[in-house]
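I opened my notebook today to look up a few things, one entry at a time. Follow along with me!

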Amino acid sequence: MLFSKMHGLGNDFIVIDTRGKEDIDYNLLAKRMCHRHIGVGADGLLLVLNSDIADIRMRIINSDGSEAEMCGNGIRCFAKYVYERGIVKATKFKVETLAGIIEPELFVNEYGLVDKVKVNMGKPSFKRKDIPMQGDPESDAINTSIVVDGNEYRITSLLMGVPHTILFVDDVEKVDIYTLGPKIEKHEAFPRKTNVNFVQVIDKNNIKVRTWERGAGATFACGTGSCASVIAANLNGLTERKANVHLYFGTLEIQWQDDDTVFMTGPAEEVFVGEYLE
Ligand SMILES: N[C@@H](CCC[C@H](N)C(=O)O)C(=O)O
């Protein structure tokens, strides 16, 4: 099994061209290959497939074997991979995902390599039935609260392709993400779980984010989570609609346009290629 190891600001993926190889159990393969000690090691598997409704199709499978609808850092890596291998020839194209059609636009350097990708991430949803969250499915979930170990936390929840919950904190470095992250991810309020973002506001155009991901645990960056965090911060009057999200290995630029569309711009890198021996 040939693969490429890629990352978007430290959120790392194993990318596999699975066209013509659809009969493999990729959920099981994800668990094995993503294992940090007895596999290649990654936060998830990105699969390249043909599409009937877009230029190409992407599947994202978390390191625990669960499939997600979308992945922001993943789609930048995916876009770089399919362009640099000539699978897609245009620098702006459509990708089929479980969260709908997503449109990456590539910034290609003088050597024909993709340095940066700007992605039209679509629009957020605030409905509980979309997030998915308990309570009246038609009502908005935007700001609510949950109780964890007897403590009440004010949260903001929304769907940005995948479900996200945001908590505003004074200092992201001081958050016990390994204790609180999984408890919120699996809280009964979220029957299909949630990604959890701890957000520190620096100023109206800059925030710091640490994410505990559904199905992957603490990651160095989360693209959909960065978008969701800027939206939540704006809705709470803390930032503008355009803000930089500072992560451990760099920055993502997020813009929530007036027409509700969200754009995310950031890097994608290929680290090595290899052959996985099954
Ligand atoms: N790392 C991602 C999100 C991947 C999916 C997530 N773990 C989920 O299950 O919802 C990103 O960059 O957006």
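Entry 1. I looked up R214 and found that it touches E185, K193, T194 and N195, leaving out residues up to four places away in sequence. This is a predicted model, so I note these contacts as predicted ones. R214 sits in the loop between strand 13 and strand 14 (217–219). Is R214 buried or exposed? I counted 25 other C-beta atoms within 10 Å, and 20 or more is the mark for buried, so R214 is buried.

Entry 2. Next I checked E213, which belongs to strand 13 (residues 206–213). E213 has 29 C-beta neighbours inside 10 Å, so it counts as buried too. Beyond its neighbours within four places in sequence, E213 is in contact with N195, T219 and C222. I then turned to UniProt, where an unreviewed entry lists a "binding site" with positions including N195, E213 and R214. G72 and N73 are also among the positions in that record.

Entry 3. Those last two took me to helix 2, where G72 and N73 are among the buried residues. Just after helix 2, G86 has a positive phi of about 70°.

Entry 4. Finally I stepped back to the whole protein, which has four helices and 18 strands. Of its 278 residues, 44% count as buried.

Key: Residues numbered from 1 in each chain as written. Predicted model: local features only at pLDDT ≥ 70, side-chain atom pairs only at ≥ 80, totals over all residues. Buried ≥ 20, exposed ≤ 12 C-beta atoms within 10 Å, placed from the backbone. UniProt positions renumbered as here; feature names shortened; annotations may be inferred. Contact = placed C-beta atoms within 7 Å.
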